[in-house]
Amino acid sequence: MTSSDSTQKPPAPAKAPAKDPWDLPDVSGLVVGVLGGTGDQGRGLAYRFAKAGQKVVIGSRAADRARQAAAEIGLGVEGADNAETARRSDVVIIAVPWEGHAKTLEALREDLAGKLVVDCVNPLGFDKQGAYALRVEEGSAAQQAAALLPDSRVTAAFHHLSAVLLQDESVAEIDTDVMVLGDSRADTDVVQALAARIPGMRGVFAGRLRNAHQVEALVANLISTNRRYKAHAALRVTDV
Ligand SMILES: NC(=O)c1ccc[n+]([C@@H]2O[C@H](COP(=O)([O-])OP(=O)(O)OC[C@H]3O[C@@H](n4cnc5c(N)ncnc54)[C@H](OP(=O)(O)O)[C@@H]3O)[C@@H](O)[C@H]2O)c1
């Protein structure tokens, strides 16, 4: 062996081919829970996921209100109080008003342990000039959820949807992309796949949870657009 042989580097291992970002898991068997599912946004999401064939449980602070809302939707949707909904679900969407966000999550820490949590809460204020983004100590509603739920896998998505369109049974397709944020690729893939269960929708990865603030805040801009054009504006991310 010559001295030059001994300094030769071994060949670099072949790189694994990059994963196709649209190669998403099959999520059809997951149970989707919606906390605050008696409200407009939660009801709309519950209806759309149930229509897509997902098992859905609606949560409420009062189980009878949840059961009533579930019966109104039909499609096999069930209702329970928020804690039972969390325990029975694989994926739990948080659809309560910002004012009740921290208190709701604090109380459900154990019920939500190990669950994939999807926060769609937009911390907004309203005054004579319209909607505006509130400052959140943790950075965003989603980061507040992550701080309050150390044993859950927190993601953020579904902020920009119109609850009116979601609930409108005459609307067959929801023409929008859903920005999905989170710190674990496996988790954001699941949420992207869930979004794609709704006809017309795509779930598009939009960064880590620390970038949730501007996604939540953007709803103030969409509300302004809706008011000017009397519309239900939504977003498309182009070239992906
Ligand atoms: N509406 C939209 O178009 C839309 C779109 C995207 C995102 N979002 C977000 O989704 C969330 C829900 O919006 P929404 O319009 O559906 O709100 P909502 O109708 O005012 O409230 C949803 C449900 O949350 C429960 N709730 C009310 N106050 C609560 C409190 N202090 N603590 C815990 N639970 C409470 C109520 O259910 P029970 O009384 O049955 O418990 C209510 O039915 C908001 O954070 C919003 O930013 C809304």
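Predicted model: local features only at pLDDT ≥ 70, side-chain atom pairs only at ≥ 80, totals over all residues.
Strand β9 (residues 176-182) gives the second largest cavity the largest share of its lining, 3 residues. Residues are numbered from 1 along each chain as its sequence is written, and side-chain values use heavy atoms, with hydrogens and water left out.

- Searching the whole structure turns up 2 cavities of 30 Å³ or more.
- A cavity is a set of points, on a 1 Å grid over the protein atoms alone, where a 1.4 Å probe fits but cannot get out; a pocket is an open set with protein on both sides within 12 Å along at least five of seven lines, and lining residues have an atom within 4 Å of a point.
- For volumes, grid points are joined across faces, edges and corners, and the space filled by probe spheres set on the points is what counts.
- The largest cavity holds about 40 Å³ of space, and Pro123, Ala133, Leu134, Val136, Gly139, Ser140, His213, Glu216 and Ala217 line it.
- Helix α9 (residues 212-229) brings the largest share of that lining, 3 residues.
- Sorted by class, the lining of the largest cavity has 5 nonpolar, 3 polar and 1 charged residues.
- The classes go like this: Ala, Val, Leu, Ile, Met, Phe, Trp, Tyr, Cys and Pro are nonpolar, Asp, Glu, Lys and Arg are charged, and the others, Gly among them, are polar.
- The second largest cavity comes in at about 30 Å³, with a lining made of Phe158, His159, His160, Leu161, Asp177, Val178, Met179 and Val215.

- Asp177 sits in strand β9 and counts as buried because its relative accessibility is 2%.
- Buried means under 20% relative accessible area, exposed means over 50%, and partly exposed is in between (1.4 Å probe, protein chains only).
- The Asp177 side chain makes a polar contact with the side chain of Arg202, at 2.8 Å.
- A polar contact is a pair of N or O atoms within 3.5 Å; within protein, one must be able to donate a hydrogen and the other to accept it, and residues adjacent in sequence count only if both atoms are side-chain atoms.
- Setting aside residues up to four places away in sequence, Asp177 touches Arg202, Val204, Leu235, Arg236 and Val237, where contact means heavy atoms within 4.5 Å.

- The largest pocket has about 1,100 Å³ of space.
- It is lined by 40 residues, and the closest to its centre are Asp40, Gln41, Ala95, Val96 and Pro97.
- At least two lining residues each come from α2 (40-51), α5 (98-107), β6 (124-127), α7 (163-167) and α9, and α5 gives the most, with 6 residues.
- The class count for the largest pocket's lining is 18 nonpolar, 16 polar and 6 charged residues.
- The second largest pocket has a volume of about 230 Å³.
- Among its 13 lining residues, Pro21, Arg185, Asp189, Gln192 and Phe205 are the closest to the centre.
- Both α8 (185-195) and β10 (201-205) supply at least two residues of this lining, and α8 gives the most, with 4 residues.
- The second largest pocket's lining has 5 nonpolar, 4 polar and 4 charged residues.

- Asp189 lies in helix α8, and it is buried because its relative accessible area is 8%.
- Leaving out neighbours within four places in sequence, Asp189 is in contact with Lys19, Leu24 and Pro25.

- Arg88 belongs to helix α4 (residues 82-88) and is partly exposed, at 34% relative accessible area.
- Residues up to four places away in sequence aside, Arg88 touches Val31, Val57 and Glu78.
- The C-alpha atoms of Arg88 and Gly33 are 7.6 Å apart, although the two residues are 55 residues apart along the chain.
- UniProt, in an unreviewed entry, lists residues 32-123 as "domain: Pyrroline-5-carboxylate reductase catalytic N-terminal".
- UniProt positions are given in the numbering used here, feature names are shortened, and annotations may be inferred rather than shown by experiment.
- Residues 32-123 are 43% helix and 24% strand, and the end C-alpha atoms of the span lie 23 Å apart.
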